[in-house]
Amino acid sequence: TAVWAPAPAKPYYTITFNRNAGTGVFEKRIAVPTETTEGEEGETQYGQFKIAATYTVAGDAVTQDPIIPEDFTREHYESDGWEDVTGKSVAVSGDTVFEGDTQLYQKWTAKTFTVKFNLNGKSGNTPAEITGVDEAKSAKGGLKEAGKTLPTGEDSSEEYEFRYWMDKPVGGNVINAATPLFPASDAAESREVTLYAHWVAENSVERAFNYTGAPQTWTGPTTGTYKIEVWGAGGDNPSGNQGGHGGYVGGNIALTAGTELYIYVGGQGPANDNNKKKDRQNGGWNGGGLSGGTSGPLVTRGGGGHGATDVRTVSGTWNDETSLNSRIIVAGGGGGGAGGGGYKGSAGNGGYGIAAGGNGYADKDNEGHGTAGGGSLNNGGESTKLQNATVMDGSLGAGGNGGRSKRGGGGGGGGYYGGGGGTTDNSEGVKDLPGGGGGGSSWAKTSGEGLKFIENTIIPAKTDAVDGGGNNTGHGRVMITLVSDSGTN
């Protein structure tokens, strides 16, 4: 026996299709009555409402495309149908019956891909491929985030030592466990990534430099071509407020025996904390900006900006202008994290390759409130001043200081040019959202007088990316490796 509901105020229902973090045109369709019956006293009653082609409003016929919207798209995810506000799956078609105005949400499933390994010209045991890598997680934080382990390589000749994986046989990006990784193609038959082993001859000259908080000196032992790689300092905190990751850049350079270079390894800035203190926190050594302190009884100070890592031809204090201008390669530091209190303002990463640093934001949704700009290759990152005059822009080598409010902003990361200091968005309705600092830019000298890098060997290749993309956490580091020896000592 059919049970009929009273007629709605309008003779149709609106069915709204929500992208649910995907992209595409926001869609609506109309469900109109397809079966009717006469109620008591001649009132028309409606029973089934289905998506249909036409309906009438105020005497005008309105045509409505009955076709269900094409699936929306979302990077790193595949469409998995629709669900209602309660999470119940809804199989939407032209025959689906609706009982009222309804909002349907696109369901998403993370895509997966396979990682393959290539020994890049060497013999030995090739690591087994890694299948079922969650693309959404890997795109965010590499294989580590996806719960996978990055293997090492073996060479059976024992003449070479494995160093790291790269995404190209020559001149590619260095890939570590935390490097964002996903296929370049979205085609089903190309759902894989191949990584190539990088090797160093066992008798090669190689020198690693770690953080000391002071300049270090290296003297070239022989004339030849060297690879110099630098990583800026960065943060790593599950809450999201430790700060942005450090940048990376590397390349080959011709040096003569006895050449002296000065190594400045950036320090990691302190994380935001829960101390209700008005004083700022220092940034990491070599350009990290000061954090913003608190201006009242509420929760937390921001974190200090992370220091850049660079190599120079003139020694001096880290901020000595002559020494700064002698830099030949720089990896930007990440911006400091915002003060907490339940909010997660994002901080910018240092530049990956010859690139600008990433922007910091004063809200967890990155809607642009209180933006702290990343350092570029020509200028320091700009900070949104809002109501806070203590926040500072980045400058040559140095990140700007974070703004001071109820929750302090993060300091800008050091870099070729530093990122802007994080601010707090005090605009109406946003509840003092705290902002992370901008990341510093990364750079390598490829032209002009004096020492310079061989441009076509810059690793990774030059990019104009503005989102930073650096992935180093902790203090910075430097690696110098002899690539080819001319035999002149």
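1. Strands here are DSSP runs of E with at least two residues, numbered from the N terminus. Strand β19 (residues 260–264) and strand β20 (residues 309–312) run antiparallel and are joined by 3 bridges; two strands count as paired if DSSP finds at least two bridges between them.

2. A word on the source: this is a predicted model, where local features need pLDDT of at least 70, side-chain atom pairs count only at pLDDT 80 or more, and totals for chains, interfaces and linings use all residues. Residues are numbered from 1 along each chain as its sequence is written, and side-chain values use heavy atoms, leaving out hydrogens and water.

3. Now step back to the sheet. Its 5 strands form an open, antiparallel arrangement in the order β16-β19-β20-β21-β24. At the edges, β16 (216–219) and β24 (443–444) each pair on one side only.

4. Next, look at β1 (residues 13–18). Because 6 of its 6 residues are buried, β1 is largely enclosed by the rest of the structure (buried means under 20% relative accessible area, with a 1.4 Å probe and protein chains only). Y13, I15 and F17 lie on one side, and T14, T16 and N18 on the other. β1 runs parallel to β9 (residues 102–110), with 4 bridges, and F17 stands opposite L104.

5. Finally, the largest nonpolar core has 22 residues, and I228, V311 and I329 have the most contacts inside it. Such a core is a set of buried Ala, Val, Leu, Ile, Met, Phe, Trp, Tyr and Cys residues joined through side-chain atoms within 4.5 Å. A second, separate core of 17 residues includes F117, A146, F162 and W199.

How values were computed: Buried means under 20% relative accessible area, exposed over 50%, partly exposed in between (1.4 Å probe, protein chains only).
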